[in-house]
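Thanks for coming. I have one structure to go through today, so please have a look at it on the screen.

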Amino acid sequence: MAVATTKSPSDLPRVTARDLAAELRGPKGALAFDGDGTLWSGDVGEDFFFGILDSGRMHDDAARAVSQTASAHGIDTSGSPAEIARRIYATYLEGKFDEELVCEVMTWVNAGWSHAETTAFALGLVDVAFRSRIHPEVRVVIEEARKLGHEIFVVSASPRPVVEAAAATMGVPSAHVLAATAVLAGDRYAASVHRPIPYGAGKAAALSSALGNLPLLAAFGDNAFDAEMLAASERPIAVRPKTRLIDRAPEIPRIRQLALE
């Protein structure tokens with residue numbers, strides 16, 4: 001028998017932010033949120049990646065790694081390191097470059113930068129205007145969950161420095177941010193990442209390790225690579241879901257879509 005598929009967000013049961021908050025009254029636990037597209041509009045990983053490229057400050061370590069990555073995947077290595085990096089991203093958009101790998105490239109593109117330089121750069125990307133990108137229905141859930149004493153975690157495949165900066169605008173401490181993390185060699189970032197990054201099944205695994213015995217009361221995501229994390233929670237919640245997550249909805253029992261009202 002063919003498995004029924006969910007065709008559009010309107011096919012998902014809906015739950016308002018206030019009603020969901022009411023469900024969360026009880027024993028303390030954790031709520032986990034994807035970042036890009038779930039907590040906020042846009043992609044802070046792209047902001048970070050293209051910001052580095054536009055800065056003209058790619059170090060030799062990043063330039064070499066970009067060229068080697070492109071060559072290994074049959075991508076043209078002519079032009080400047082920034083041009084090659086953009087070509088890698090364009091190849092990903094064409095569906096010809098692995099999504100998890102492009103997340104890694106976007107994470108170590110600042111190789112050679114110091115931790116302090118990178119932190120300052122990320123904070124500059126997440127300025128006051130960033131607050132307008134936060135989804136209001138999610139903000140309500142977080143505010144209500146905090147009143148109930150629950151812990152808030154952000155789990156993202158975007159680069160850790162910029163995810164930390166974005167999460168901090170909602171009061172989420174760095175200790176509760178799980179994100180793609182470049183390797184630090186002394187005080188300088190290397191052109192490599194700690195694996196696995198929080199992507200797909202890696203999100204669920206990283207979160208499980210971070211939570212310990214704390215129950216995952218609800219998880220929130222917008223895309224297919226959030227599916228495993230959503231399925232691991234007591235209350236899987238889709239936030240402005242993309243088609244790719246809708247396609248995987250049959251794999252996630254009890255999934256609902258979050259609504260402001």
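R131 sits in the loop between α6 and α7, the latter spanning 136-147. Helices here are DSSP runs of H or I with at least four residues, strands are runs of E with at least two, and both are numbered from the N terminus. This is a predicted model, in which local features need pLDDT of at least 70 and side-chain atom pairs count only at pLDDT 80 or more, while totals for chains, interfaces and linings use all residues. Residues are numbered from 1 along each chain as its sequence is written, and side-chain values use heavy atoms, with hydrogens and water left out.

Back to R131. Its relative accessible area is 43%, so R131 is partly exposed. On that scale, buried means under 20% relative accessible area, exposed means over 50%, and partly exposed is in between, with a 1.4 Å probe and protein chains only. Which residues does R131 contact, leaving aside neighbours within four places in sequence? They are R139 and T169, where contact means heavy atoms within 4.5 Å. R131 and T169 are 38 residues apart in sequence, and their C-alpha atoms are 7.0 Å apart.

Next, helix α8, residues 160-168. Its buried residues include P161, V162, V163, A165, A166 and A167. What covers them? Among the elements doing so are α2 (44-55), α6 (115-125), β3 (151-159), β4 (177-180) and β6 (188-193).

Take A165 as an example from α8. A165 has a relative accessibility of 7% and so counts as buried. Not counting residues up to four places away in sequence, A165 touches A122, L123 and V126. By contrast, F33 is 132 residues away from A165 in sequence, and the C-alpha to C-alpha distance is 15 Å.

Now the aromatics. The structure holds nine aromatic pairs. A pair is two rings of Phe, Tyr or Trp (the six-membered ring for Trp) with centres within 6.5 Å; planes under 30 degrees apart are stacked, over 60 edge-to-face, and the rest tilted. One of the pairs is F48 with F121, which is edge-to-face, with 6.2 Å between centres and 75° between planes. F48 belongs to helix α2 and F121 to helix α6, so this pair ties together parts 73 residues apart in sequence. F48 and F121 are both buried.

A second pair is F49 with Y89. It is tilted, at 5.9 Å centre to centre and 35° between the planes. F49 is also in helix α2, while Y89 is in helix α4 (residues 81-93), so here the parts tied together are 40 residues apart in sequence. Both partners, F49 and Y89, are buried. F49 and Y89 also belong to one aromatic cluster, together with F50 and Y92.

On to the backbone. Most residues other than glycine have a negative phi, and most peptide bonds are trans. Where is the cis peptide bond with omega near -5°? It runs from R195 to P196, and P196 lies in the loop between β6 and α9 (201-211).

Two arginines have a positive phi. For R240 the value is about 45°. R240 is in the loop between β8 (236-238) and α11 (243-248), and is partly exposed at 41% relative accessible area. For R254 phi is near 75°. R254 is in the loop between α11 and β9 (256-259), and with a relative accessible area of 53% it is exposed.

Last, the chain as a whole. It has eleven helices and nine strands. The radius of gyration is 19 Å, close to the 18 Å from the globule rule for 261 residues, so the chain is as compact as a globular protein of that length. That radius is taken over C-alpha atoms, and the rule is 2.2 Å times the number of residues to the power 0.38. Along the principal axes, the C-alpha atoms fill a box of roughly 55 × 45 × 35 Å.

How many of the 261 residues are buried? The share is 52%. Of the contacts between residues at least 6 apart in sequence, 68% join residues at least 24 apart. That is what I have; questions are welcome.
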